[in-house]
Amino acid sequence: MNALLHPEDTAEIFAPSPELSRRMLLGGSAGLVLALSLPGAASAADEPKYGADSQPGGAKDDPRLFVQLAPDGGITIICNRAEMGQGIRSSVAMIILDEMGADWNRLSIRQAEGDEARYGNQNTDGSRSIRHWLAPLRRCGAAMRMMLIQAASTRLGVPVGELEARDHKVVHARSGRSVAFADLAEDAAKLSVPPRDIVRLKDASALTMVGKDRVFAHDGRAMTTGTATYGIDATMPGMMFAAVARPPVLGSKVASFDATAARAVAGVIDIIELPAPAGPPLFQPLGGIAVVAKNSWAAMKGRDALKIEWAASPHDSYDSRAYRDLSLANARKPGQPVRNEGDVDAAFAKARKRVVAEYYLPHIAHATMEPPAAVVRCDGESCEALACVQDPSGTRDTLAAMLKLDKARVVVRQTFLGGGFGRKSKPDFVVEAAMLSRAMKGTPIKIVWSREDDVRHDYYHTVAVQRLEAAMDGDMPTGWIHRVVSPSIISIFADGIDREQGLETGLGLLSMPFAIPNVRIETGEALAHTRIGWFRSVANIPHAFAIQCFAAELAEAAGQDPKDYLLRLIGPDRLIDPRSIKDANYGEDPALYPIDTGRLRRVVEVAAKGVGWNDKRPKGWGYGIACHRSFVSYTACAFAVSVNDGQLTIHKADIAVDCGVQINPDRIRAQMEGSVMMGLSLALTGEISFAKGAVQQGSFDDYPVLRIDAAPRKLDVHLVGGGFDVPPSGVGEPGVPPVAPALCNAIHAATGRRIRVLPIGDQLTGPVQKL
């Protein structure tokens, strides 16, 4: 028997498909391909609850959706996840090709259009791509392999159990004969897809790509040679360009405007007023005045020439300093408990010592290297969009709803994304282009936001004030209070949301893993005055910053080593059922993804060893460490730094991650490296502030990203675990949260300066900010 097939794999399983008539034949040079329609979705009895099944559209595992095998042997994988630099297209292809036994060098990849009913959930966020799609994609590849083997069995006249698929062919070892995949494509296309319950995956030891420490980067050449198509590169025949003057304050409207000078700019075609949005922000454009022109330069010059009077907004008085003071006052009052264990009041009443600290993080902007960009044709009857969006199916839904079109008349094609970080999950910029195209009677309109447009009109990461208190009895805390005052993302969907919701408290707040008997976690009042949105790691960033800095402060209060004390706080290895602390567990099955403090401990130990925590330390160097569980992965970060005359040098950075089974180690390392750089950028300089309701920053001169001279001199990534015995978890986001607290803890060790207000900014040369 072939080791890759199950004894139950019989010829009957692979009888000619009654659905053959649904086969799609692509003629000409494309040749015959396997691209059939899907079987029915899961039955109503299979009520979605966890993982991919909890997401709109769920997951699909039919090879006819995702695999096209041409007569020349070329294999095309249809990717339904957004490629924004994380390498997901390569990882998706690896998984399918490895199960098939296909040749990586015969690979092409095509991006799926937005259609979650056909392709399953396409919203690339939440660090879910591998977590939700590993099993379906493996089944997809395995089913395809079984179909090819069945076709070869008929062709060679030998039992399927004597055949093996490898190196892009099916091999009969006993006779030495083989049939190339190319020669089996047509026969395989006539077969039914084997039912899920009989599909047999390869043993992990038989995989040649998945989990191997080789570089799989299908799009690397296109990205590095400038031939990849991003949203900013997208074109349509006959398109015109638009630049939009948007209200400087959320909720403001155009009171009046004079476009005389704008119309005089050579190349300007038309001036169009976009309506102010109604109700909560949602994914609606902000409104304003658009200048449509023959080229982008004329559009921008025309916008500059506009004279606009803006009406008053309810958010005109939004001021970051005043809001911080108000939030701090709220953080010092009792809040709304979201987790309450033991008898916290009694613990504090009996405490010999109380430690209190307050922390602040400002708004931050996504500032993707490629700003929002789209080209859209909409004539009122149909709509076609080409855009750098994270969620093409959600974009399609939004366009259909806002343009009042049948969804079947809306097509969204997805380009590469020059960074996403959550910004491009909001398709307001695509809707903006669609509205203008419709106003121009179907002329395709291209919009590329300027850097200033992007920085001043983002969906910002939330601002947060946090207060932590610990009741100390001896050297360890017996009571813990954590109060968070931070506006919610849900405020963009509904009015009156005045504090963090479950969406946010489930991000590293409720799951505080320390072995403390009495714990109370509360949320305080915080109304939003700007658009709040998802940002890479979302609320895990402020939560981890406060918790991990406070852990180091407790270690100092106890006179102990911060790393050893952190491990003492984590306590003995144990599995915590997320439901016991009301944690939604990122939508994952608690039985598969419990909170495992042993895994958290291990990443701490690995990062500490990597940075040389217990080695002899150079004079003047300070070491800091922090850890966090997010998106059901475990990460820890450690820094070795020095500060001389206010100049910070990061000598060494080590980040350890345990993300369960590791599909593409090279990309995991890249994600962790990028996370450290992004986390440092946010910690050192990331701040969006408001005055009179408007953003005060505009571009990389006053909202800088990390420069190369500020980067760590050495950065090592440590992959912990990795076997198929542990299910996959997130990679894209979990690296960010421990960076800022680890850095601030290291700076404190080097200088004695305890930084509780981010960004660090000039606090190494001037006074440390206090709340």
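**Entry 1: cysteines**

I looked up C378 in this predicted model and found C378 buried, at a relative accessible area of 0%. Buried means under 20% relative accessible area, exposed means over 50%, and partly exposed is in between, with a 1.4 Å probe and protein chains only.

I then looked for disulfides, and the structure holds zero. C378 is in no disulfide; its nearest cysteine sulfur belongs to C383 and is 4.4 Å away. A disulfide here is a pair of cysteine sulfur atoms within 2.5 Å. In general, a disulfide is a covalent bond between the sulfur atoms of two cysteines.

C549 is buried, with 0% relative accessibility.

**Entry 2: confidence and numbering**

I checked the pLDDT, the predictor's confidence in each residue, from 0 to 100. The mean for the protein chain is 93, and 94% of its residues reach 70 or more. Residues 1–42 have a pLDDT below 50; this stretch has 93 contacts in the model beyond near neighbours in sequence. Contact means heavy atoms within 4.5 Å. Where pLDDT is low, the predicted coordinates should not be read in detail.

Residues are numbered from 1 along each chain as its sequence is written, and side-chain values use heavy atoms, leaving out hydrogens and water. In this predicted model local features need pLDDT of at least 70 and side-chain atom pairs count only at 80 or more, while totals for chains, interfaces and linings use all residues.

**Entry 3: two loop residues**

I found A515 in the loop between α14 (502–505) and β20 (518–524). Helices (H or I, at least four residues) and strands (E, at least two) are DSSP runs, numbered from the N terminus. A515 is partly exposed, at a relative accessible area of 42%. Leaving aside neighbours within four places in sequence, A515 is in contact with L569, I570, G571 and R574. From A515 to A710 I noted 195 residues in sequence and 36 Å in space, C-alpha to C-alpha.

I found N664 in the loop between β25 (647–658) and α18 (665–685). Is N664 buried or exposed? N664 counts as buried, at 2% relative accessibility. Leaving aside neighbours within four places in sequence, N664 is in contact with S91, M94, R214 and F216.
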